[in-house]
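Dear colleague,

I am handing over the structure below, together with some notes on the contacts between its side chains. Please read the notes with the structure open beside them.

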Amino acid sequence: MGDYMIKAILFDLDDTLYNERDFVFSGFLEVATYLGHKYDFSIDKLYSDIIDIFQEYGRGRIFNILCEKHGFDEDINRLVEIYRDTEPQISLYEDAAAILKKLYNKYKLGIITDGKSSVQWNKIRALGLEEYMDRIIVTDDYGPEFWKPSEKPFLEMINYFGGEPDEFMYIGDNPNKDFVACKRIGMGTVRIIRGIGDHMGTFLSRDYEADYIIYSLLELEKILSNLNCKG
Ligand SMILES: [Mg+2]
């Protein structure tokens, strides 16, 4: 282990290791099913309405708009709860599953993810990530002020594994918040750009952009072996 320049590799979760849209859509189906049974209405129709509203307006008021459209007198918070409590129908991206298998005997591995704690832990369990990870931090467990781009979860990882910041690498998809704290601390950063995702078209100033851009997590191997040659 001591021969590697990089000691620990830390990952973002949503849209880095799996497609968040799969989670979102499985939540939509739960809500459509609930409403369909309650109002004796076509679940397929409700589900396709939700997707249409999502595509037109994005997240935020989807269920309000749906209920207004059909005249359902519904507690929106209850629908949000159903959405959040959905058993996630998700699986790891193929490259994610492959790279974790390759890396996990050689490096310490971790996750730092934002999002509502119970929801994120449900996803982590559904994806079977605990078996690969030496440490998982759901920033929400520390409080909303410790979501990225807070430095705290990254410092916590350094504290946990020991070593210098430049022995750590963080891989994420969202330049708005994934890399700015790591860079300030001195961690290496890698941005994954996929064919699908909310941030694939976002490019920001230097402070926010990662050291490396990759299009498949399998490219990590090459980056790591180059760094290890230099180290
Ligand atoms: Mg993400």
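In what follows, a residue is called buried if its relative accessible area is under 20%, exposed if that area is over 50%, and partly exposed in between, with a 1.4 Å probe and protein chains only. Please keep in mind that this is a predicted model, in which local features need pLDDT of at least 70 and side-chain atom pairs count only at pLDDT 80 or more, while totals for chains, interfaces and linings use all residues. Residues are numbered from 1 along each chain as its sequence is written, and side-chain values use heavy atoms, with hydrogens and water left out.

I begin with the charged pairs. The structure holds 15 salt bridges, where a salt bridge is a side-chain nitrogen of Lys or Arg within 4 Å of a carboxyl oxygen of Asp or Glu. One of them joins Lys-148 to Asp-12, with the closest N and O atoms 3.0 Å apart. This pair links distant parts of the chain, since Lys-148 is in the loop between β3 (135-138) and α7 (152-161) and Asp-12 is in the loop between β1 (8-11) and α1 (20-39), 136 residues apart; helices (H or I, at least four residues) and strands (E, at least two) are DSSP runs, numbered from the N terminus. Lys-148 counts as buried at 6% relative accessibility, and Asp-12 counts as buried at 5%. A network of salt bridges links Asp-12, Lys-148 and Asp-178.

Lys-123 forms a salt bridge with Asp-14, and the closest N and O atoms there are 2.9 Å apart. Here too the pair links distant parts of the chain, with Lys-123 in helix α6 (residues 117-126) and Asp-14 in the loop between β1 and α1, 109 residues apart. Lys-123 has a relative accessible area of 2% and is therefore buried, and Asp-14, with 13%, is buried as well.

Arg-184 and Glu-151 also meet through their side chains in a salt bridge (2.6 Å, N to O). Arg-184 is in helix α8 (residues 180-185) and Glu-151 in the loop between β3 and α7, so that distant parts of the chain, 33 residues apart, are linked by the pair. Arg-184 counts as exposed at 54% relative accessibility, whereas Glu-151 is partly exposed, with a relative accessible area of 27%.

Turning to the rings, a search of the whole structure finds 14 aromatic pairs; rings of Phe, Tyr and Trp (its six-membered ring) pair if their centres lie within 6.5 Å, and planes under 30 degrees apart count as stacked, over 60 as edge-to-face and the rest as tilted. Tyr-104 and Tyr-132 are edge-to-face, because their ring centres are 5.2 Å apart and their planes stand at 75 degrees. Tyr-104 lies in the loop between α5 (94-103) and β2 (108-113) and Tyr-132 in the loop between α6 and β3, so the pair ties together parts that are 28 residues apart in sequence. Tyr-104 is partly exposed at 36% relative accessible area, while Tyr-132 is buried at 11%.

Another edge-to-face pair is formed by Tyr-142 and Phe-146, at 6.3 Å centre to centre and 80 degrees between the planes. Lys-152 lies over the face of Phe-146, 5.1 Å from the ring centre; a charge sits over a ring if NZ of Lys or CZ of Arg is within 6 Å of the ring centre and within 35 degrees of the ring normal. Lys-123 lies likewise over the face of Phe-23, at 4.6 Å from the ring centre.

With regards
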